[in-house]
Amino acid sequence: MTSTEKKYHKKEIATEQLKTAIKLFLNEKDLSSVIILASAAGSILSQLARNAEEEPFIDYACRIHNHIKKITPGREKYNHFINIKLGITSHKHMSDSDPETVELDLLRCALDGLTIAVSDFVTLYGQEEPFIKAFLHWTWHNTNGKKLIEEFKDIPKNLIQKKKKNDKRNL
Amino acid sequence: MTKETYKLFDLAANQLETAIMLFCSGDDKFSVITLAGAADVIFCQLVTRIGQDNFTKIISKEENDPRSIPEVGKDINDTLHINALKHLDPGEDEYVSLDADECALGAILKAIANYNMLEGKNENLINGFRAWAQINLDLKKYNIN
């Protein structure tokens with residue numbers, strides 16, 4: 001480590017990137033940047049959740065897939081599928097044979113990418129940080145939060161995301 | 001919310017512009033590195049497609065590096081900690097040591113080097129960074145015109 005290097009925990013790195021992504025999103029800045037930053041933060045938070053023996057979003061998504069389709073997809077394979085659907089892959093990979101254009105709903109991709117990263121952040125650290133509250137507030141008002149909560153009440157208990165440590169913080 | 005068709009070049013240019021905006025305003029350097037790094041992946045491929053040597057290949061040739069281009073590219077990216085800021089593998093150390101300012105500057109310079117080789121570039125995109133560099137950097141050391 002050189003004299004100008006500092007040691008950072010990955011929590012700090014993921015938090016800063018997620019905070020920046022939400023700031024860009026709420027200020028209607030570049031959505032491609034939101035997608036990339038939410039993906040980077042989400043990737044780290046997912047593993048941190050697993051390290052903390054919490055259930056990361058991807059594992060929850062696999063359980064939901066199993067409930068609907070009666071088959072559990074491989075975690076890596078399903079994560080790859082989600083990354084393609086959310087435009088993450090086409091934003092940071094380009095092989096020799098890839099086309100130079102892509103068809104995307106950037107707003108939908110940015111919103112869904114942020115939702116995944118925020119989900120893992122809340123699982124780990126709760127929802128009291130102002131930038132998390134700001135995002136949740138935005139989604140409540142812009143994605144019909146009341147209706148979603150009503151639908152959520154009817155979900156079988158075994159399909160609610162498992163939380164071991166932070167139940168009280170997330171109430 | 002509707003689907004539209006985008007050029008990857010434009011999506012990458014927007015990311016580089018955001019990275020420069022964050023950098024010049026003294027904002028989150030981790031995001032600068034991630035954004036410039038992601039944009040550069042697209043620029044590298046587009047430079048190769050027009051038959052030119054990208055930044056990594058130029059460095060490899062100048063240094064007579066015997067390694068493959070992907071190996072040199074990975075080495076550069078690891079030096080800039082681009083991968084460490086977007087991944088955490090099972091069993092990997094949860095801490096990383098880096099000079100965030102220096103890595104952010106390096107990631108932007110590398111992306112600009114490739115961006116500048118491409119047709120359709122917008123000079124205005126890098127003007128802010130150029131102005132910042134003239135005030136804050138040794139231009140000869142960093143090879144900036």
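Hi everyone, let me start with a loop: A:Lys70 is found between helix H3 (57-69) and helix H4 (75-85) of chain A. Helices here are DSSP runs of H or I with at least four residues, strands are runs of E with at least two, and both are numbered from the N terminus. This is a predicted model, where local features need pLDDT of at least 70 and side-chain atom pairs count only at pLDDT 80 or more, while totals for chains, interfaces and linings use all residues. Residues are numbered from 1 along each chain as its sequence is written, and chains are lettered from A and ligands numbered from 1 in the order in which they are written.

Phi of A:Lys70 is near 65 degrees, a positive value in a residue other than glycine. Most residues other than glycine have a negative phi. Is A:Lys70 buried or exposed? A:Lys70 counts as exposed, because it has 7 C-beta neighbours inside 10 Å. The cut-offs are these: buried is 20 or more other C-beta atoms within 10 Å of the residue's own, exposed is 12 or fewer, and partly exposed is in between, with C-beta atoms placed from the backbone.

Chain B has a positive phi to show you as well: B:His81, near 60 degrees. B:His81 sits in the loop between helix H4 (69-79) and strand S2 (95-98) of chain B. With 26 C-beta neighbours inside 10 Å, though, B:His81 counts as buried.

Now the fold of chain A. It has eight helices and two strands, and along the sequence they run β-α-α-α-α-α-β-α-α-α. The radius of gyration of chain A is 17 Å, close to the 16 Å from the globule rule for 171 residues, so the chain is as compact as a globular protein of that length. That radius is taken over C-alpha atoms, and the rule is 2.2 Å times the number of residues to the power 0.38. Along the principal axes, the C-alpha atoms of chain A fill a box of roughly 50 × 45 × 30 Å. Buried residues make up 36% of the 171 residues in chain A.

Next, the interface. The contact takes 38 residues from chain A and 35 residues from chain B, where contact means C-beta atoms, placed from the backbone, within 7 Å. Which element gives the largest share of the side of chain A that touches chain B? That is H2(A), with nine residues. By class, this side of chain A has 13 nonpolar, 13 polar and twelve charged residues. Here Ala, Val, Leu, Ile, Met, Phe, Trp, Tyr, Cys and Pro count as nonpolar, Asp, Glu, Lys and Arg as charged, and the others, Gly among them, as polar.

Let me zoom in on that helix. Helix H2 (residues 31-51) of chain A packs with helix H2 (residues 29-49) of chain B at an angle of about 115 degrees, with their axes 10 Å apart. Axes are lines fitted to C-alpha atoms, for helices over the stretch in contact, and angles run from 0 to 180 degrees between N-to-C directions. That makes H2(A) roughly perpendicular to H2(B); the scheme is under 35 degrees for roughly parallel, over 145 for roughly antiparallel, 65 to 115 for roughly perpendicular and oblique for the rest. On the H2(A) side, the contact is made by A:Ser33, A:Ile36, A:Leu37 and A:Ala40, and on the H2(B) side by B:Ser31, B:Thr34, B:Leu35 and B:Ala38. These residues divide into five nonpolar, three polar and no charged.

Notes: Two residues are in contact if their C-beta atoms, placed from the backbone, lie within 7 Å.
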